[in-house]
Amino acid sequence: MLDAIVAETLKLRRHRATWLMVWIFPVVVALVTAAVLVYHSVAGAGAPSPDKGAATWIANSTLLLRFPSSSAGRSLTAGFAALVFAGEYSWNTWKLIVPARDRWQLVVAKWVVTFGLVAAAMIAADLIGLAATAIDAVRGDPVPAGVTVPAIAAAHLRAGAFALVPIASTIAFAALFAIVTRSLLAAVILSFALLIIEGLLPIAAIYLYPRAPALVEVLVKALPFYHLANIGGWAKGTGVTLLLRPGTTVAMSLAASLAVIAAWIAAAAAATLTRFIRQDLN
Amino acid sequence: MIEEAPALELRGIGKTYGRGDGGGGGGKRAVDDVSLSVRRGEVYGFLGPNGAGKSTTIRMALGLIRASQGEALLFGRPVADRTGLARTGSLVDGGTFYPFLSGRDNLHVLARTQSNRTADIDGVLARVDLAADAGRKFKGYSTGMKQRLGVAAALLNEPDLVILDEPANGLDAAGIQDMRGLIRGLAAEGKAVFLSSHLLHEVEQICDRVAIVSKGRLVRESTVSALLGRGEALRIEAEPRDAAIAALQGRWPVEAVADGLRVAASRAEAPEIARLLTAAGVDLFTIGPDDRSLEDIFLSMTSGTDA
């Protein structure tokens, strides 16, 4: 299995999309950080920032970890995952690697590498951001009392863990679309459609609730859209309460939302494996 | 001594696309009830016109396509078992590789996918005369270079069975000659080689046995020499033909062909045939061995297909 993962990494590290859709995040963060540092060294330090308090300061320092789980970040991830899986059809290369290894291992290796690269890019960007914060502190930007390294580490680990859930979900569905459609374009379009539907869900749920209240409530609780938003909310401290009509809300615990998303990811993964293992590669 | 199972064995294998059985009940039967076996140390040719089911058969043997009926065995084990696939190298579709990687990196990726950490990548690249271009991206390769890289990939895991789908496609005359030597060399090393080709002259020169498929069915399997029937027939030009046929029928099987007669008789019987025809008042112009090419036989067996 490790060899399949190494092979997938060897393959992707040379592909332009890995730079344009994954490494672009830490690269942009590094460039912006460098530009700000150069500006400060030329223009001199500005007025010190007002004291925000330790909790706010630490929360702000995790901002970069929120990008990969945002719509823009997940769009990039979806495009990359679609390329990783559907690219083999475009290049006609399943015929090269399928005789060499079990199909399920090839798919699992792709999941691991796609997820690993996106997570690595996110961690790299976060570390660059933290380094910039540390440089600012050394140069005199005040750090509120109560900000400690363990507190920062705990906050970043928590924010990172929350960010990885929607990333895993995005990869699982993009992979499924790629295997089912065998088309890069179709996989990208379907993945983006899913993200758009997710964004429209609150409006659609509120609009449709008076027409079919029971059905809408079931769908909100069963489909992944609300739960992804809810997990994002819990990452900031409190879950999302969806107001369907005055007096009727959906508000679920973090554990419940994680369980529903885990079930959807597992279902998408099972469907991907089942479909690919039975697929004829003409 | 225990005899090892054939390197490749197809047992009544078939493939039907779509719903149904490929007959009147719907579906399209691409391959139907093909059985053959390939032994180690032999070069086995798989011939057929376009659309005859050659590529589908090869893909079933490699586990790329699921058989609708029958089974494919590699070294006595079902393809799904994968132990046989680990001893098999293959070239399909003229070499399919990642266009953004170099030839060498493509082989690195394949070797690692095979869990082959000691692959002699430079060795196989040199063997197919691609060492000088190994650093270039695959998308810049010519058709012949792609084909050679495909052969290098097929040899990467030092296989006991090499399956090659149209290995001479895109090669120039010198390349074809090199390929011929390479394939015969593989057989000399004790490997089994199963190749499909439409270059019948090449197949005639390098294969020990051949199978001919037409419309998805196996129409003939034989050694090349038996198929060609060398020394087993005479070709005669004589006039009038009807009188010649009348004179010879009863003694030898006679068949009217485009430019004369084909008589199932040995070379030693030629003088007797000549005397018989002369005695019957038939003018005899030529008499000699009937050396039909594989192409003649192939066309006669597959006529009526879309070749």
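In chain B, the centres of domain 1 and domain 2, taken over C-alpha atoms, are separated by 43 Å. Domain 1 covers 8-228 and domain 2 covers 234-290, with bounds that come from an automatic or database domain assignment. The model is predicted, and local features need pLDDT of at least 70, side-chain atom pairs count only at pLDDT 80 or more, and totals for chains, interfaces and linings use all residues. Residues are numbered from 1 along each chain as its sequence is written, while chains are lettered from A and ligands numbered from 1 in the order in which they are written.

Between the chains, 23 residues of chain A and 26 residues of chain B take part in the contact, where two residues are in contact if their C-beta atoms, placed from the backbone, lie within 7 Å. On the side of chain A that touches chain B, α1(A) gives the most, with six residues; helices are DSSP runs (H or I, at least four residues) numbered from the N terminus.

| Helix pair | Axes come within | Crossing angle |
|---|---|---|
| α4 (71-90) and α7 (149-181) of chain A | 8 Å | roughly 40 degrees |

The axes are lines fitted to C-alpha atoms over the stretch in contact, and angles run from 0 to 180 degrees between N-to-C directions. α4(A) is therefore oblique to α7(A), the class left once angles under 35 degrees (roughly parallel), over 145 (roughly antiparallel) and 65 to 115 (roughly perpendicular) are set aside.

Definitions and conventions: Helix = DSSP H or I, 4+ residues; strand = E, 2+ residues; numbered from the N terminus.
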